[in-house]
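Dear colleague,

Please open it first, and then read my notes beside it.

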Amino acid sequence: MSSIDQNELVYGLFDANSFYASCEKVFRPDLSDKPVVVLSNNDGCVIAQSKEAKALIELWMCRPWFEIQEDAKRLGIIAFSSNYELYANMSNRFMSTLSQFAPRQEVYSIDESFLDFTGMHRDWLAYGKEIKDTVLQWTKLPICAGFGRTKTLAKLANHCAKKMPDMHGVCDLVTMPAKELDNIMLSLPVSKVWGVGSRLEKRLNDLGVDNVLRLKRADPKRVRDKFGVVLERTVRELNGEPWLTLEEMLPQAKQVMSSRSFGNRLSTYNELVEPISFHASNATQRMRTKGLYANAVLVFIQNSPHDQAEYYGPSLVIPLPAPTNNMMQITNAALWGLKKIYKKEVYYLKCGVMLMDLVPAGSQQTDLFGYSKQDEKSSNLMSTIDRINSKYSRGTIKLASEGIDKYWAMRRNLKSPDYTGTWAEIPTAYC
């Protein structure tokens with residue numbers, strides 16, 4: 001356990017409400033009070049809903065869009081295809097805004113972030129409201145704030161802020177009286193504790209631990225004997241003992257993957273060359289931003305497991321002679337692998353490329369035959385491509401084998417403009 005004075009420890013968890021749907025509303029003020037849903041790849045299922053849409057019982061998360069499309073139209077639901085470029089940029093704005101309020105930050109997910117306020121003495125309700133209002137003013141994203149002595153308590157506080165209207169989006173478990181805190185924990189099922197999934201919840205319920213307060217009051221040693229050290233630490237965290245530290249640096253990636261379903265079925269080898277080239281190039285570019293090199297390439301193709309035809313989903317790992325971050329070398333390896341696993345008369349639905357056994361730039365083991373030699377021209381070429389694609393948009397410079405039309409791209413018939421990432425789609429204001 002940390003030697004830091006527990007009375008000095010304060011963590012905050014800040015979570016954007018209905019993040020995907022909220023992003024769609026930022027540049028559409030006419031939708032501020034309208035029900036909005038966001039669809040999955042190929043406009044398949046509902047994966048995000050605004051609060052207005054959640055209030056309509058006819059719509060449910062993960063329902064196929066084709067099943068509810070007519071009802072949605074009747075109810076005035078506005079649907080959008082997933083706009084991942086917009087969501088990533090809005091997430092960066094959100095995290096950048098939060099970073100100004102505390103010395104340490106952990107970006108937990110695309111729409112969640114922990115802040116460490118250790119040593120700061122504030123009126124946490126007032127400070128939470130200030131952060132909430134600033135994020136709304138600067139990004140137009142509605143958020144909730146939760147404060148606790150541990151990360152687990154901060155996560156629980158955030159849940160309370162989101163689900164209890166009388167808290168107005170901010171919950172302070174740091175200064176809350178013990179009796180009031182126990183009453184809140186008593187009202188919450190144990191599944192609301194960070195890390196308690198459905199299987200663990202059932203096991204706990206079988207032992208009579210059906211709410212958060214019962215878990216908090218459980219004997220940590222008996223919990224460890226029955227469930228392991230992870231849940232023991234959760235119990236201690238619920239009691240204000242800090243066992244989970246803030247992770248300012250994300251762990252080094254072991255692999256990078258690029259994959260997506262097709263908008264239409266593909267059957268010929270030539271049709272598959274373009275998407276495989278795209279995913280190889282895309283994964284390589286993402287890997288380079290992390291300063292890593294790949295030792296192996298995995299390529300896969302597959303039809304749908306729900307087809308009447310027999311399922312065919314082969315994959316192949318291609319070891320590289322030496323680590324590389326050169327997209328030409330990696331794409332050539334991926335296409336070589338495609339030739340090996342491709343089979344005729346199969347209608348493919350999805351493909352992807354994974355870069356494996358990643359190592360930092362300084363940890364490369366060179367080879368005897370010059371494969372790993374990154375001459376100045378090659379290095380400059382990769383750097384130039386990355387700078388151009390970063391300044392304008394991904395794909396401004398790309399391999400010819402990636403093609404131009406992207407006939408294989410997933411369906412996004414309801415996609416909003418990329419307001420923050422493409423010059424041609426930036427909103428225009430007329431006076």
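This is a predicted model: local features need pLDDT of at least 70, side-chain atom pairs count only at pLDDT 80 or more; totals for chains, interfaces and linings use all residues.

Residues are numbered from 1 along each chain as its sequence is written, and side-chain values use heavy atoms, with hydrogens and water left out.

The chain has 14 helices and 13 strands, where helices (H or I, at least four residues) and strands (E, at least two) are DSSP runs numbered from the N terminus. Its C-alpha atoms fill a box of roughly 65 × 60 × 55 Å, taken along the principal axes. Of the 431 residues in the chain, 47% are buried, a word that stands for under 20% relative accessible area, with exposed meaning over 50% and partly exposed in between (1.4 Å probe, protein chains only). Among contacts (heavy atoms within 4.5 Å) between residues at least 6 apart in sequence, 70% join residues at least 24 apart.

Now to the helix pair. Two packed helices are described by the angle between their axes and the distance between the axes. The axes of helix α12 (residues 269–289) and helix α13 (residues 327–341) come within 9 Å and cross at roughly 145 degrees, the axes being lines fitted to C-alpha atoms over the stretch in contact, with angles that run from 0 to 180 degrees between N-to-C directions. The residues of α12 that meet α13 include Leu272, Ile276 and Ala280, and on the α13 side the residues include Ile330, Ala334 and Leu338.

Which residues does Ser22 touch, not counting residues up to four places away in sequence? Ser22, which is found in helix α1 (residues 19–26), touches Asn17, Leu141 and Pro142, and it is buried, because its relative accessible area is 10%.

Ser378, in helix α14 (residues 376–391), also counts as buried, because its relative accessibility is 15%. The C-alpha atoms of Ser378 and Asn326 are separated by 7.8 Å, although these residues are 52 residues apart along the chain.

Arg104, by contrast, is found in strand β5 (residues 104–109) and counts as partly exposed, because its relative accessibility is 27%. Arg104 and Gly208 are 104 residues apart in sequence and, C-alpha to C-alpha, 38 Å apart in space.
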